[in-house]
Structure formats: C-alpha cells, structure tokens
Amino acid sequence: MSEADLQGPESVEGLVNAAYAGMANDHWVAPFTNNWPWGSVRSDNSYKGGAGPADQSGYHNYEIFSTIRPDQSKADGVWFNIYRMIQRANEAMNAVKGIDEGSYPNKTERLAEMHFIRAHGHFLLKRMFKRVPYIHEDIPSDSLKFVSNVEYTSQELWDKIAEDFQFAVDNLPQTQEDVGRPNKPVAQAYLAKLRLYQAYEKDEQHQVTNINQDRLQEVVDLTNEVINSGQYSLFDDIAQNFLWEWENGEEILFSIQRSKDDGTPIGRIDMANALNWTMNPEFGCCWFHLPSFNLVNSFRTNADGIPMFDSFNDEVMVDSADFHENTFDPRLDHTVHVPKHIFKYQSDVIYDSSYTRAPQVYGPFSTMKEIQQLDCPCLAVPKGYAYPTSTKNNTIIRYADVLLWKAEALIQLGRQGEALPIINDIRERANNSRDRLRYENGDYVSNYNIEPYVDGVNINWTQENAMKALQWERRLEFAMEGVRFFDLVRWGIAAETLNNYFDVEKERVPILQTAQFTEGRDEYLPIPQQQIDFSEGTYEQNTGW
C-alpha cells in the first residue's frame with residue numbers, strides 16, 4: 001500500500017475510529033471507562049471484594065491507602081492505557097490535518113472529535129495523578145518521554161485541557177447522526193465539569209485554598225447551554241440508566257459504546273467490570289466492587305423524608321427487618337443487592353447468600369448498577385474468559401450530572417435558592433423510581449420515604465446546609481458509579497470523611513484495620529515509578545511520595 005493510500009479518506013477515517021476504540025481499551029487490571037477501583041473502592045462507598053484482600057491485592061492497597069507504593073502495576077497500567085488513547089487521537093489528528101477537505105468533508109468535525117478524545121484522556125489522568133504531561137500532536141514520538149509533568153502549574157494544565165474541549169465546543173455540530181460521537185452540548189457539558197473541578201483551587205499539599213467564582217459562573221453558563229438545548233432530560237425512572245435497553249436514551253449525553261459480534265476478535269465487551277458480577281450460577285464470578293455498610297446506611301431517611309445527615313451510620317442496616325422497620329431513599333435498591341430483595345429488577349429472582357463469595361469478609365451486599373439481568377441479550381463470554389460480562393455501554397456523562405454540577409456551582413456562588421428546585425427535581429425522579437422495586441405480590445422490597453427539601457419545614461436552606469444536601473445528593477445519585485472519591489477530593493473533605501469512615505467501618509470489616517488516609521498525599525496517586533524510570537527522571541513525583 002502506498003503512502004498516498006495511507007493518507008486517503010478511508011485510511012484517515014480508520015485512524016479516527018481507532019482513537020474511538022482506544023477509549024474502550026481497558027480491562028479489570030487497569031480500568032478507566034468505569035473508575036470503580038479509583039472512584040469507589042478508594043471512597044466510603046465500597047470495598048474491593050473478591051475472595052479477600054489477597055485477591056487482586058493491588059486494589060486492597062488502594063482501598064486502605066497505607067500500603068500504596070509508587071511502583072504498583074495497576075496505576076501504571078491506567079497511565080499507559082490512557083496515554084495510548086491520547087496518542088491515537090494525536091495520530092488521527094495529524095492524519096486529518098493532512099487531508100484535503102474536498103475529499104474529506106468531515107475534516108473539521110473529526111478534528112473536533114479528536115480534540116474531545118484527547119481532552120477526555122488528559123482529564124482522567126489529571127483527576128487521578130494531578131500533575132501529568134500534556135501530550136499534543138506536534139511532539140515527535142522520540143521526544144514524548146521527555147515532556148515534563150510539571151511544565152504547567154495545576155491551573156495551567158486545566159486550561160490546556162480546556163482548550164481542547166473549547167475547540168470541540170466551537171467546531172462540533174449541535175447533533176450527531178452517529179451514536180457515540182460527541183456533539184456540541186456534550187463538549188459544553190464536559191467543559192463545565194472541568195471548570196467545576198478547576199474552581200476548587202488547591203495548593204501543593206492538595207488543600208483547597210480558594211473557590212474561584214468566575215469559574216463557577218462558567219459552569220452555570222455552560223450547563224445552561226446544555227439544558228436549554230432541549231436535547232436531554234432525566235429518564236422517568238433512574239433504573240433506565242443501568243439497563244441495556246436504554247443505553248443511548250435521553251439522559252445519556254456521552255458513553256463508551258460496547259458491542260459483540262462486530263467483526264473484531266472479541267468484540268467491544270466491557271472487561272472493565274468483568275470482575276464485578278455475582279456468584280449465582282448464570283454468572284459465577286467474581287464478586288468485586290461491593291457496597292459498604294456505610295453506603296447502605298446513607299440511604300436511610302428520617303420521618304421528614306430527607307437524609308439522616310448526622311445519625312445515618314449509628315446503626316447497621318443488614319437484616320431483612322431493618323429495611324422495613326426503617327425508611328429509605330428508593331435509590332438504595334437501584335444501587336445495592338440486599339439479601340432477600342429482588343435481583344436486578346426481576347421480581348421472580350431473589351438475591352441470597354449463594355450469590356456472595358466471602359460474606360464473612362465483606363458482608364452480604366453486592367453491586368447492582370453495572371451488572372445486567374440474567375436473560376439480557378447483552379451478555380457475552382469473552383474469548384479466553386470463563387464467565388460472562390456484558391456489552392452495556394459505560395456512561396461518562398448523564399443529564400443528572402449536568403443538573404447537579406449547575407446546582408453545586410450555584411450554591412458555591414451563594415445562590416442556593418436557585419439550586420433548590422434542581423436538587424428537588426433529582427429527588428422527585430428518585431421518588432418516582434419505585435415500580436421496578438416490588439416483589440411478585442406487589443409489595444415494595446424496602447420501606448421508602450423520600451420528600452423534596454422545603455426551606456423552613458424539613459431543612460433550613462442556608463448555603464452550608466444546601467452544600468451538605470448537594471454533597472449527599474451526589475453520593476446517593478451516583479453511588480457505585482466511580483465518582484465519589486473524586487468528589488471528596490474536589491470539595492477538600494477527603495481526609496476528614498475517609499478517616500471518620502475507617503474509624504467506624506474497620507469494626508464492621510476487620511480488613512480495614514490498618515486503613516489510614518494521609519492528608520496532603522493520598523488525594524492523588526503517586527506518579528508511577530515505572531513512568532519516572534521511562535522518562536529517565538524527567539517526571540517529578542507527587543507531594544508526599
């Protein structure tokens with residue numbers, strides 16, 4: 001094949017498609033499409049799970065923090081795979097730049113898509129590691145390893161990533177015919193997400209020193225653009241976010257597209273979550289990513305139908321009677337498999353102890369959102385693997401995210417009154433999401449009581465209380481979706497929250513006995529030692545490591 005052939009429209013489109021494929025090229029050994037080890041297991045939401053601490057032991061190190069080392073392979077694998085995705089986007093970008101628009105009419109749009117993919121990769125890396133090298137398309141391949149990870153300050157690095165998202169905003173169409181390609185509102189939403197993180201300015205010890213009001217206003221403006229586009233809305237039932245049938249529905253702004261029987265050797269199957277299925281015969285492995293007692297308790301509500309902010313964790317909810325003698329937010333049973341409750345909305349299938357693997361270590365609960373029903377056409381057994389996983393897409397941004405980003409920015413701007421109806425919209429949807437949570441006889445599996453916040457009635461809607469309510473809402477809405485740890489770090493409350501969690505949870509789950517979060521260090525992963533060695537000492541290690 002000639003060089004001209006390699007630069008033709010078909011070959012250029014192939015490189016673009018390869019960049020998209022790179023967004024899905026992860027595995028349970030180093031997942032990044034679903035951040036369950038990095039955003040859930042490192043938080044108060046979940047335990048690693050499996051057969052015990054020695055099973056995929058690297059993740060146990062991350063969940064207790066005290067035994068993390070810079071040379072551990074799992075973080076290095078994430079670093080490598082995300083940069084490989086970024087490099088694919090850069091290679092495609094150069095190819096697109098080199099072709100004439102007359103023969104490739106989608107040139108500008110494809111450039112914008114590659115900027116979006118590159119920004120997505122850098123955002124994931126920055127959120128995990130803080131100071132990372134920014135790799136663009138003009139860097140020669142033999143110079144890549146000498147690009148410093150501290151060339152830019154933290155704020156400057158946010159701005160570099162934002163430039164890519166802004167290019168996407170400026171050049172993507174309002175809608176896309178092809179499912180899976182970002183459009184302008186998606187780019188605006190992701191840019192809003194970035195600006196929200198950037199608004200919480202941190203010092204070298206990772207402590208929040210200022211909340212930038214201008215950045216918050218950008219978040220409000222960008223989310224308004226998405227909302228006012230009219231292209232997205234909340235599903236009627238939160239369950240639809242986690243069922244294969246609705247994977248590209250109206251709440252889903254952007255997701256990683258999965259498939260099987262697509263002409264590739266094993267399909268675009270979700271191997272990132274392949275460990276997280278229950279032990280019932282249809283699945284058989286491997287019971288990772290398990291809800292914590294603390295998380296289950298957080299769904300408790302008081303007589304007024306709002307969270308038990310201060311006393312939620314005073315008692316352990318575990319026995320079947322507990323879920324009827326107390327009241328709960330319905331999102332509990334969209335998130336957690338509870339003993340004697342129905343299995344994944346199937347009223348004729350009851351979750352029991354045979355679905356667990358090591359309940360004496362981790363308790364009786366299992367994750368629910370990322371697994372699918374027993375008869376789902378999306379199930380597939382990958383080549384070389386003994387157990388089924390699925391082709392359910394990995395959601396990156398859903399509309400509930402957009403609404404709560406706006407609410408958070410408004411509260412931090414002192415405009416908490418404007419945030420109140422937004423948060424209540426999310427709560428109303430939760431309250432309406434009960435129909436799938438019934439036994440065959442029509443009874444609900446738990447005792448539900450959830451109400452909107454009413455200023456002066458069930459809460460005093462001060463800025464402080466509104467922020468607490470927002471933080472709680474994000475936890476309940478996105479529990480087990482891989483975001484909780486990053487939220488805690490953004491708000492500057494990770495050390496306090498997690499050490500308080502460990503103080504209580506280690507008495508319930510003894511494998512957490514040595515868990516300890518070190519403030520000023522553990523907010524970010526160490527730069528992998530393997531990458532420092534590869535850069536011949538160019539990369540500088542993060543604070544505290």
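Buried means under 20% relative accessible area, exposed means over 50%, and partly exposed lies in between (1.4 Å probe, protein chains only). By that cut-off Cys286 is buried, at 7% relative accessibility. This is a predicted model: local features need pLDDT of at least 70, side-chain atom pairs count only at pLDDT 80 or more, and totals for chains, interfaces and linings use all residues. Residues are numbered from 1 along each chain as its sequence is written, and side-chain values use heavy atoms, leaving out hydrogens and water.

**Disulfides**

- A search of the whole structure finds two disulfides, each defined as a pair of cysteine sulfur atoms within 2.5 Å.
- Cys285 is joined to Cys286, with an S to S distance of 1.5 Å.
- The torsion about the S-S bond of Cys285 and Cys286 is about 70 degrees, so this disulfide is right-handed.
- Cys285 is buried, with a relative accessible area of 9%.
- The other link joins Cys376 to Cys378, with S to S 2.2 Å.
- The link of Cys376 and Cys378 has 130 degrees about the S-S bond and is right-handed.
- Cys376 counts as buried at 11% relative accessibility, and Cys378 counts as buried at 1%.
- Counting bonded cysteines along the chain, the pattern is 1-2, 3-4.

**Helix H6**

- Helices (H or I, at least four residues) and strands (E, at least two) are DSSP runs, numbered from the N terminus.
- H6 covers residues 107–129, and at 1.5 Å a residue its 23 residues should span 33 Å; the expected span is 1.5 Å times one less than the number of residues.
- The end C-alpha atoms of H6 are 33 Å apart, which agrees.
- Of the 23 residues of H6, 21 are buried, so this helix is largely enclosed by the rest of the structure.

**Packing of H16 and H17**

- H16 (residues 484–491) and H17 (residues 494–508) pack at an angle of about 130 degrees, with their axes 7 Å apart.
- That makes H16 oblique to H17; under 35 degrees counts as roughly parallel, over 145 as roughly antiparallel, 65 to 115 as roughly perpendicular and the rest as oblique.
- Axes are lines fitted to C-alpha atoms, for helices over the stretch in contact, and angles run from 0 to 180 degrees between N-to-C directions.
- Arg484, Phe485, Leu488 and Val489 of H16 make the contact with Ala494, Thr497 and Leu498 of H17, where contact means heavy atoms within 4.5 Å.
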